[in-house]
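This report describes selected local features of one protein model. Please consult the sequence and the structure shown below while reading.

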Amino acid sequence: MITGSIVALVTPMFEDGTIDYDSYKNLIEMHIAAGTDAIVAVGTTGESPTVDFDEHNELIRVAVEAAAGRIPVIAGTGSNSTREAIILTEYARSVGAVASLQVTPYYNKPTQEGLYQHFKKIAETVDLPMILYNVPGRTVADLKNETVLRLVQIPGIVGLKDATGDLARAADLMSRLPKDREFAIYSGNDDSALALMLMGGQGVISVTANVAPSLMAQMCEKALANDVMGARAINDRLMPLHKQLFCEPNPVAPKRALQRMGLIPGGIRLPLVPLAPSKREQVELALQIGGCI
């Protein structure tokens with residue numbers, strides 16, 4: 001089971017929107033050196049909705065190649081098309097990803113039965129561990145606890161990234177998970193990740209880890225060791241970053257922060273646009289507080 005700080009890695013781009021693979025590989029090296037526990041390549045923070053199919057596959061391949069077995073790579077291969085998700089997931093398996101991250105199908109507004117059948121079909125078709133990803137604020141589709149508990153019974157479905165921000169709901173799910181199955185709960189919200197881990201969660205799939213990888217890794221390590229005071233001290237330092245990195249739709253602010261840190265160029269894919277000038281000062285202040293610049 002993967003535990004700890006899992007970065008939802010951004011996809012560096014030049015100003016014209018083409019992918020900067022050299023910066024991408026450099027970011028992976030940075031995360032290995034900083035103690036990040038795993039990488040999610042081409043999740044939604046990696047702009048999966050706007051990279052094309054070939055780019056999507058290449059980003060997974062390059063991440064696995066660059067990691068070279070030193071850090072696990074989880075491939076974001078979700079789609080609102082079940083067939084497309086299967087194709088992407090099979091490619092990720094073939095190049096050595098250790099798991100896939102499967103977002104709930106967006107726009108289609110499937111029923112709970114539709115969600116169940118979607119994830120079941122992927123899991124039964126491709127032999128690659130799957131982490132479910134529930135983020136109803138972005139997808140509209142909300143994967144209910146009862147459906148998660150059905151999906152837990154399917155071999156190969158090994159975890160959930162919970163981006164609902166609802167800690168009571170997470171606690172309810174954890175209390176009802178079968179005791180004979182290993183199933184991880186990861187926070188999908190940086191600002192409540194500490195609380196979720198202290199409740200029994202296994203880590204966080206983090207946006208903040210893009211710009212403060214060492215601090216996020218240390219916070220997770222302390223939280224999972226039940227060092228509450230140590231984890232809280234680091235989390236207090238990170239909280240301004242947690243807030244400001246979502247001042248505009250993700251990944252606008254983290255990409256600006258990484259650009260300001262000199263780690264990536266300033267490109268982003270439409271319909272997202274660079275961070276508004278009025279927000280840049282707030283993000284830079286948060287970076288200073290976190291010790292990033």
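**Cis peptide bonds**

Pro271 is placed in the loop between α11 (252-260) and α12 (277-289). The peptide bond from Leu270 to Pro271 is cis, its omega being near 15°. Helices (H or I, at least four residues) and strands (E, at least two) are DSSP runs, numbered from the N terminus.

**Basis of the model**

The model is predicted: local features need pLDDT of at least 70, side-chain atom pairs count only at pLDDT 80 or more, and totals for chains, interfaces and linings use all residues. Residues are numbered from 1 along each chain as its sequence is written, and side-chain values use heavy atoms, with hydrogens and water left out.

**Positive phi angles**

Most residues other than glycine have a negative phi, and most peptide bonds are trans. Lys109, although not a glycine, has a positive phi of about 55°. Lys109 belongs to the loop between β4 (99-103) and α4 and is exposed, with a relative accessible area of 60%. (Buried means under 20% relative accessible area, exposed over 50%, and partly exposed in between, with a 1.4 Å probe and protein chains only.)

Asn226 likewise is not a glycine and has a positive phi, of about 65°. Asn226 is located in the loop between α9 (213-224) and α10 and is exposed at 55% relative accessible area.

**Packing of α3 and α4**

Helix α3 (residues 82-95) packs on helix α4 (residues 112-125) at an angle of about 30°, with the axes 10 Å apart. The two helices are therefore roughly parallel (angles under 35 degrees). Axes are lines fitted to C-alpha atoms, for helices over the stretch in contact, and angles run from 0 to 180 degrees between N-to-C directions.

In α3, Thr82, Ala85, Ile86 and Thr89 meet His118, Lys121, Ile122 and Thr125 of α4 (contact means heavy atoms within 4.5 Å). Thr89 counts as buried at 1% relative accessibility. Leaving aside neighbours within four places in sequence, the contacts of Thr89 include Thr77, Ser100 and Ile122.

The buried residues of helix α7 (residues 167-176) are Arg169, Ala170, Leu173 and Met174. Seen down the axis of α7, these residues fall within an arc of 135°, so they line one face of the helix; the arc is that of the directions from the helix axis to the C-beta atoms. Among the elements covering them are β5 (130-134) and α6 (145-151).

Leu149 lies in α6 and is buried, with a relative accessible area of 15%. Not counting residues up to four places away in sequence, Leu149 touches Leu173, Arg176 and Leu177.

Methods:
Angles under 35 degrees count as roughly parallel, over 145 as roughly antiparallel, 65 to 115 as roughly perpendicular and the rest as oblique.
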